[in-house]
Structure formats: structure tokens, C-alpha cells
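Subject: Structure for you to look at

Hello,

Here is the structure I said I would pass on. Please open it before you read the notes below it.

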Amino acid sequence: MNPPDDGGRRELVERDEVVTRVVGAVTTPASPPLVLVSGPAGIGRSALLAAVHDELTARGVPTLALRVTPAERDRAFSLAARLATELGAPLRTGDKPRTAVAVQQPSAAITGLLASVLAAARTSGRQLVVLVDDLQWADAESQESLFPLLAKLTATSVKVVGTVRSPRTGPAPHLALDAALVTVLPLRPLSWPAVRSLITNELQARPSDSLADRLRETGRGVPGAVLAALSAYRDADRLRVLDRYAYLTEPDHPLRLTGTPASAEPLVGPGSAEWPVAKALVVLHPLGRAAPKLAARALGISEGEVRTALDSLRLRGVVRHARAKGHWRFRLPLMATALAAHLGPYERRRLAQVAVTAIWEGEAEAEDDYLAEQLVDAGRFVDAQRSGAELLSRGAAAMLNNGYLSERWLRAAVERVVVPSQRARALSLHASACCIHQRFADAVDSSEAVLSGYADLIAPEALLELQMVYVIALAGSADVEALRAIADRDWESLPGSTSHRLLTRFAALCHLDRWKDADELLRPTQPLWRNDGTVVGLALIYSHTVAAFLGRTEEFDQVVADPTSWPLWHVPRARFEMLSGLIRILSAFGELDRARHLLSSYEIPASHRSTPDRVVTDSLAGQWDAALDGARMSFTTGSAVGYPPALTLMTRETSTILISRGRLAQARSLLEGARAQHPVLPHLLAIPAADLELVMASRERARRVVVDGLAGATGSGVVIGTDELWLRLTGWAALEDDQAEAARCAAEVSRIAALIGTGRARLCELVASAVTRRDPVTAAEAVRLARRRGQPYELATTIVDLSYHRLVDDALLLEAYELFGELDALLMRARLRNIMRERKTVVPRRETTVAENERLLATLVTDGLSNRELAAVLDTSEKTVEGRLTRLFQRTGYRSRAKLASAVLTGEYGT
């Protein structure tokens, strides 16, 4: 469970403190008569003024609320007339803020009337607070006549609170007053925690870190801008809420708007003199000092006119100028995004053309990414061959680091280059980039374009890579029929050498979960590919991996021990893919220590690993919150497919976490969804599926799940993960005192441990031996090994499993209990508490226990469990469940299961 968002609450408290300061100032007679709340557009000045109004109303303080509009700036005495009119009416408390009709023909006599009204208020001693929103639009005449009156109100109970935009957009309010007569309170942008809190309140779901970071960066902590960006993502259907967490479906894609956010519209708009310059600056501002001159060139006006417009935009708060560097920047990235939506196709191409030409001719400098983006936008407005060559080069360089840009640049390169060999290379690289970043449909299209029309124009090693990409992309697109066609009949018609075709067929068989068939294809054909330099590297690593799955791990272990001996080690991208594959397989075997060694020895950045792979290693390491966050993001963005057995492994780990935390319905849905997608190595899902049946008190169904899993593994010839399944059967047989069956199953565990030799297999062997022979010494050895392996959940479950057979000291149960606590494994903790009480082991911290029981009960109720099912899961009686539910409803105030479930799902109830 994530901790409460205390940072967000602190920021909200800070805003509340501003309200308190304003209210305190206007209700204290000796305080200055004028309070100005300042801040940029969208910062929340109006919301704060409304909060001040509500607080004053609650205290019974008479208020007068006005809002000044931009149209009033040019109407002499407009604000003064409105105030005089309003103050001439009886004062009331509780009036909502409203805009009064401006007097059309104001007169200087208004000032006298206003002074008389204020004097009457002073004489009567009545307290009055005038609230004026958007005071920056006040006409100059009203400012000149009204603000001097404030000096006469110092000792009265008449106060004025105004909001004013900064930087100013027109004549500034007259502040030439003594400092004792005015209090200025600037509103600051929100902090990162406060942005998270704002988004959470808006979505009723917690934002992922990537979403919160993107929104804060786009809006720079300005609430109006943050909410406008959030709305744009929702309108574009690029937000998904999963498990009460919000994610971007395409986190690497930039935000695009279809119009200007309401909070930004008053700053600049169509028809203004600054409008064309503002739009040009969207494209040209990264060019620094050269931007004004290039904007003038693109717009066909003088540089002086551009600079005049820029100065006006600066005063309006649209842009800022770094004088030292001469650079112009938008104050809010969202404003640039909004203006970009107003650029027509020709405008965009023309501006991009000017930018590219200036860079090519040495007239301006910019980052490489900027140039590539402008090359894409310029299209045929610049030299196609040069543009295509640069995009091809930059797209290839960005393949690992930025999928969106790499795909975009390479796709543009395909359209620009005219030499067939270059087009073939661009298509091949585009397919690889799409595959790396899980855009499988696009990867299939580009792969097929090369294989059907350009295969003879690319090098053998590039062709082989493309064929592997093609198979992976077909799997990621769930095109099982196409994979079967390659595996069974069409492989002989593929381009390339015989060894190319064999390896492509082998890859298709693996993606179809036909591991034994794949092994029997590749091993006998070694003479055909062993000396083929374009094939041998991939064939060896694939062959070793499949052999390890089948129980022959010697060659795989040799590569793990010395990856540099691999024939393709010298190829950077191939090296990265090979290391990622080794780490994935080690994680599948539960070898976290060896996986970590590879990660640290070869400095593989986390950002370069697929999300499913990170989920598995995080889960094994006990970083369950990070694992769940990654899994939710993976399922949301669609990156959970395409890399067998990554989807299966991620599903196994995620469902284990969900079950342990009492999220049973989600776990079941996840497992059923994975099975419907025909995953590879599906027997690896048998352990969490059996656990799900066990918590529902059905050992027979759990046994059937395990037996079916073993049957499936036998059918495909794989050994990986079967040690854990045989261990389950061993433990159940021993609990039922079926010694013959326990011994038979334990022998299978030992056989597999001898075959694969992994730490997890050895642990399973020790536990099976201890349980079968009732041997506390072997049990203690198993616990020591589990501790050395450094996987919290594995250690905790090892202790619990051995405790069922009374093979470890009951004092160890407290260690398992604390480990489950660190993982927030509510259900495991609750079930273990029952065992500890039976064994007379003290359960610490009663207040924690009560809170956990409530959270778990609320979670299970949300899953729709009946009282009978709740009793089974909690290992208690239905009567006890009824009592606990009654107390939960009484304490929380929710009167039904439906309302409690709704509160849990929306995050109102803190589970």
C-alpha cells in the first residue's frame, strides 16, 4: 500500500493558510485596507477569492463581490460606477460572486458618491469586505480615483481584497501607497506532491509517476494549466485508469491540443498583432538568438516588428526573455502546445523549412532532436535526399532511447530516400524500432514490406534480424495463424539462406510454446548453421535457452558466466538484447542474484529493459509496489506482449502479489485473461492459480490446477518451474499422511534439481526432503538457503510451509510475519496470525492488527465475496465475519457493502 500523499496535503494546507491570512487581514481593524493576491493565469486566484468569500460568509461578514472583465479596461470609471451602484444597495451576507452591469456613462461624481458610502460605513462601524477579481482589467480612471480613498479607510472596517494577474496584462493597479496600506500575497506554483494531489482529486485515481511528472512539466505547477493538460489527455483517449491508478496509454508521445485552454486564452488570441509571432515562436524558439530574425523571415515582416510583438507577449506573461543568452521561452510549455494546435500545414512546413535551412547553413544551432523533428515537418520543402539520410541516421541512433521519435524519424526517412537499398534499410530499422517499443502492428507492416520487396538489398545479418523481428511482431499482434504458417509450411519460401529459414521457423515454434519441436529442429541441423556467421550467434543463444527450459542448463550457465564469449558480443544492440534475454530467463528460474550480477556488471539501464522484465525482478526483490506499478503500466500501454515468456512471468508475479494482498477478484481476472491469450509456458501460472483456490478453502481444485500444469509442461517437454509444482504435491501428500505419494513427488523434485541446478530448485529439494523425512535439520538448511537468496516472499513462504509440518521453531513465524508486513501482504499476514495464535506466538502491535483486518475486510468485500467466502478466506466463522462487518460499517459510516466497495474503488476508503 502506498503511503498517504502527505506532500499534497501540505501544499493544500499552504493554500488554506493564504486564505486564513487574507481573512485575518480583512477582519482585523488595524490591518492594511487593501490585500492583493497575485499570480499568473491559471494559478488559482479566483478559486482562492471564492474560498475567502465562503469563509467570510460563514463568519457573517458582509461582502460585496465583483469580477472585472477585459472589456472594462477601456471604459472610464467602469469599476468605480459598479462599486457605487452596488454599495448604494442594502448590504447582505452570503451573496455569491457576480458581475454587475457596468454604468455606460460614468461621471466623476461617482467618486464622491463612493466616498460618501464608504464614509457612512465607517461611521456606522459596520464591517464590509469588497472582493474584486481580476483587478488587472480595472480602468485607469477608477484606479486613480479609488485607490487614494484607501488611505482614508485605514482606521475603518472597510477592506478590499483584489486579485491581480502577474505579470500584468494592462495598466497595473495603482500601488503607489504606503507599505502599511497594502498587503501583497503572491500565489506560488504547486509543488510536485501538490500536483499529484490535484490530479488525484480530479480523476479520483492516483496518477502514475510518469503522468504526474508530465503534467507538472507541462503546466509548471500552475493548477489551471495542469488541469487543461489533463483534460487534453482525456479528450484524446490517452488516459487509462486501472486499479485506481491513472496512466498514459502512450507515455512517450507528446501532448497535442485541439484548441487553447480557457486559462490561456486571454493571454494571446487570433486577431491580435502578436498572434502570428507567437505561433512562429512555437517552432523557432529553440534556435535561441536567431529566433526573432528567422521569425521575421518566415512571416515576411521586419525583425523590429517581431521584437515589438515579443515584448508585448512578455508583458502579457506568454513568454520570457533570458537576456544573458538572448533566448525567448514560453512561460508555460502548455502555451506552446496550445499555440501549435493553431498552426496550419503550410505554416508548419514553412517554419520548419526556415529552421532547417538556417541550421544547415550555419546560421543557427539547435539540438539534434530538434533538427530531426523539423526535417519531418518540413517534408518536401527541403532537400529530400539529404533530409532522408539525416533522418535515417538519427532514427537508428534513437532506437533504444526514444521509441516514439525513432519510429517517427525512420518512417519519414522511408518516404524521403529514393535509393532502394536505403529504403530497405529504413524499413528494416523502422520495424526493429517498432518491435523494441511494442508497436507490433507497425513492425509487421514494415517487416513484410522488406521481406516481400527488398530482401535481396539488405545484408544477411540485417535480414536475419528482420526475420526475428517479424516473428516477434506476429506474436505481439496475436497472429497465431501466421506463426503456425511459418512453423509448419511457409518457412521454406522465406528469403535468405537455409540457416536463415531454419532459425525463423525455430523462433515461430518457440512463440507457439512448442519448445520440444523447436529443440528437435535446431539441434540436428547444427552442421547447416554452425559455420554461418550471420546465424550462429542467435542460434546458439536461442538453442541454449530452449535447452535450459527443457532441463539442460550447462551451456546456458556457461554463457551467463561469461557473456563476452558470445559470437555477437561486439554488436551493441545484439549485446543488449542478449543480456536482457539472459536476465529474463534467470528471473524465470528464480535466480535473482545471478540476474542482478549481470545487471550491475554490464550496467544495463533500467529504462532499456522492458517493463514486464522489470516487474519480475522487482517482485522477486520484494519491491512489490514498484512491481504493481510497472504491471499496471504494462497492461495499460500494451507492452505486456511480444516477448515470451515475459507476459507469463509478469502475470505470475503480479497475481501472486494481488492474492497476497487480498485482491482476489483482480488476480482471478488477470489469470483468466492471460490464459485466454494462449501464453507460452502456461504451467508457470499454476502456482498462483492454485493459491487462489487454496485461499477459497478448496485444496482439491488447487491440486487439479497443479496436476494440469504438470501435464501441460510434460506435453511441451519443459522442466522449468515444475520443481515448484512437484513441491506443492509433496507438501499436500505429507499433510494428508500419504507417505508413499509424498516420497514419489519429492523424488521428482530432486530429479529436477539435479537437472537444472538452480538455487530455487535446490531450495525446493531441501523443503521436499525435510517434509517427507520429517527432518528439522534439513528444514533449517532450507531456511538458511532462502535467507541467502534474498527474496523476501520466498523466505517467508518457506518458513510458513515448513511450519505447517512443525519442522521449524515457532519463533521463526514472527520473522515471516514481519516479512509479509514489509510486502503489505495483508491476506498472508491475517492467515499467519491465526497460526501464530494457535502456536501461542505473540502477535505484536494490536492497533496495527486491527487496522490491517479492516483494510483486508474492505478489500475482500469490494471483491464481492459472500460471508461464507469471507469466512473461508479469513479462516474463521461466518458469525465472526458478521461481527467484524458490523464494526467496520459502524466505524466508517458506510451503511452497505455497495457503498463501502464504491469508497474503496474511488480511493475514498484508504485501502
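This is a predicted model: local features need pLDDT of at least 70, side-chain atom pairs count only at pLDDT 80 or more; totals for chains, interfaces and linings use all residues.

Residues are numbered from 1 along each chain as its sequence is written, and side-chain values use heavy atoms, with hydrogens and water left out.

Overall

The protein has 44 helices and 10 strands (DSSP runs, H or I of at least four residues for helices and E of at least two for strands, numbered from the N terminus). Of its 911 residues, 56% are buried (under 20% relative accessible area, with a 1.4 Å probe and protein chains only).

Cavities and pocket

A cavity is a set of points on a 1 Å grid over the protein atoms alone where a 1.4 Å probe fits but cannot get out; a pocket is an open set with protein on both sides within 12 Å along at least five of seven lines; lining residues have an atom within 4 Å of a point. Grid points are joined across faces, edges and corners, and a volume is the space filled by probe spheres set on the points.

There are three cavities of 30 Å³ or more.

The largest pocket has about 1600 Å³ of space. Of the 36 residues that line this pocket, Pro254, Val282, His285, Thr337 and Glu373 lie nearest its centre. Among the elements that give two or more residues to the lining are α7 (209–219) and β10 (327–330).

Aromatic pairs

The whole structure has seven aromatic pairs (rings of Phe, Tyr and Trp, the last by its six-membered ring, with centres within 6.5 Å; planes under 30 degrees apart are stacked, over 60 edge-to-face and the rest tilted). Trp515 and Phe549 are edge-to-face because their planes stand at 90°, with ring centres 5.0 Å apart. Trp515 is in helix α22 (residues 515–522) and Phe549 in helix α24 (residues 536–549), so the pair ties together parts 34 residues apart in sequence. Trp515 is buried at 4% relative accessibility, and Phe549 is buried at 1%.

The pair Trp624 and Tyr793 is tilted, because the planes are at 45°, with centres 5.4 Å apart. Both Trp624 and Tyr793 are buried.

Regards

Key. Buried means under 20% relative accessible area, exposed over 50%, partly exposed in between (1.4 Å probe, protein chains only).
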